[in-house]
Amino acid sequence: MSTDSLGAAAPDEQFTMQRSTRDDAALAVTVAGWLATQLPEGAAPEVAFSGGSDANGMSSETILADVSWTEDGVRRTGEFVVRMAPSAADVPVFASYRLDHQYDAIRLVDELSDVPVPSPRWLEPTGGVAGAPFFFMERIGGIVPPDVMPYTFGDNWFFDAAPEDRRRLQDETVAAIAGLHQIPDAERTFGFLDDRDLAGPTPLRRHFEKNRAWYEWAVLDLDRSALVDRALAWLDTHWPESDVPGNVVLSWGDARVGNVLYRDFAPVAVLDWEMAGIGPRELDLGWLVFAHRVFQTLAETFELPGLPDVLRAEDVRATYADLTGVRVGDLTWYQIYSAVIWGIVFMRTGVRQAHFGEIELPETPDALMHHAPLFTRLLDEVGA
């Protein structure tokens with residue numbers, strides 16, 4: 001795969017990113033044996049894995065699974081998705097993976113809101129069965145705006161849709177985020193997502209310190225990033241006024257259209273909960289706006305029109321206010337914070353690509369960051 005100076009693939013190239021050295025056939029036998037302990041006696045489950053998707057996502061493994069078992073004397077079948085933490089040997093993105101936290105977050109959203117999520121079914125939290133924790137959730141049919149190649153590059157269902165349909169998708173996605181934020185007493189209900197072992201008086205401070213520690217772990221395999229260091233220093237000294245006790249909600253954590261299954265431009269499943277937490281509502285709104293800006297900037301880099309009218313901050317804020325009655329302010333701090341987290345993800349996926357022989361590591365970690373032009377622009381605009 002050829003790359004430009006920022007590691008961005010040319011728009012006419014398709015590529016896959018290796019995530020695992022997993023043996024699907026052996027794993028299916030192991031998991032079927034474990035499922036026999038979760039199902040009624042005599043269920044005799046059989047599991048067949050059919051791989052995952054390379055179109056979206058870069059961290060936990062997502063495996064499609066077909067399961068058959070006997071229940072009440074009847075042979076049943078089901079289609080599921082298995083989320084599995086990566087092996088340490090496969091250069092994981094995160095220092096640790098709490099699959100039980102993902103499972104419980106999805107379960108509680110399913111129980112306490114109308115936001116569509118896949119119903120979780122079976123959880124193995126210890127890693128003692130398959131070498132890594134995993135859980136099953138129902139498989140839901142739908143389509144996703146692709147990450148590879150970015151949906152802003154064209155030649156996909158979202159880009160080719162009528163403007164009013166794209167706007168419907170945007171507004172329905174904001175509505176899903178609003179639904180998550182309206183789950184009451186998030187600080188208590190989702191307190192397991194708040195790492196209280198970290199220093200900091202608020203959930204956002206602890207969220208920030210957790211990600212700063214993640215960055216320090218990431219640089220053990222790379223040099224420091226000039227962009228991330230600049231951003232962390234600015235964020236730390238320009239703390240947002242929105243970090244107040246009354247503004248603590250469930251944060252989806254990876255709130256972007258690439259993590260939603262859609263039908264008829266409406267969400268049917270909100271996916272990918274490995275970065276879920278609690279904090280100000282602006283965490284998700286800033287991430288949603290920033291994620292689209294990343295893909296829009298990539299399109300502009302290759303002199304493509306992209307989708308400049310999609311997910312603009314002012315439109316997202318207005319829709320959110322109409323839905324919730326809550327008016328949020330400027331999202332700049334949260335977009336720069338999002339850029340930091342994206343930067344660390346790109347650092348880790350770059351190390352993983354090098355591990356699997358897909359790329360050679362560049363001289364500076366910033367060259368791994370597909371969003372570096374936007375990241376730089378945001379920092380320059382605030383004088384960081």
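This is a predicted model: local features need pLDDT of at least 70, side-chain atom pairs count only at pLDDT 80 or more; totals for chains, interfaces and linings use all residues.
## Basis

Local features need pLDDT of at least 70 and side-chain atom pairs count only at pLDDT 80 or more, while totals for chains, interfaces and linings use all residues. Residues are numbered from 1 along each chain as its sequence is written, and side-chain values use heavy atoms, without hydrogens and water.

Buried means under 20% relative accessible area, with a 1.4 Å probe and protein chains only. Helices here are DSSP runs of H or I, at least four residues; strands are runs of E, at least two.

Contact means heavy atoms within 4.5 Å. Leaving out residues up to four places away in sequence, F49 touches D24, L27, A28, V31, I63, L64, A65 and V82.

## Helix α1

Helix α1 spans residues 24-38. Its buried residues are L27, A28, V31, A32, W34 and L35. They pack against β1 (46-49), β2 (61-71), β3 (74-84), β4 (120-124) and β5 (134-138).

D23 caps the N-terminal end of α1. One of its side-chain oxygens lies 3.2 Å from the backbone nitrogen of A25.

## A buried loop residue

N259 sits in the loop between β6 (249-251) and β7 (260-263). It counts as buried because its relative accessibility is 4%. Beyond four places in sequence, N259 touches W252, D254, A269, V270, L271 and D272.

Technical notes
Buried means under 20% relative accessible area, exposed over 50%, partly exposed in between (1.4 Å probe, protein chains only). The expected span of a helix is 1.5 Å times one less than its number of residues. A polar contact is a pair of N or O atoms within 3.5 Å; within protein, one must be able to donate a hydrogen and the other to accept it, and residues adjacent in sequence count only if both atoms are side-chain atoms.
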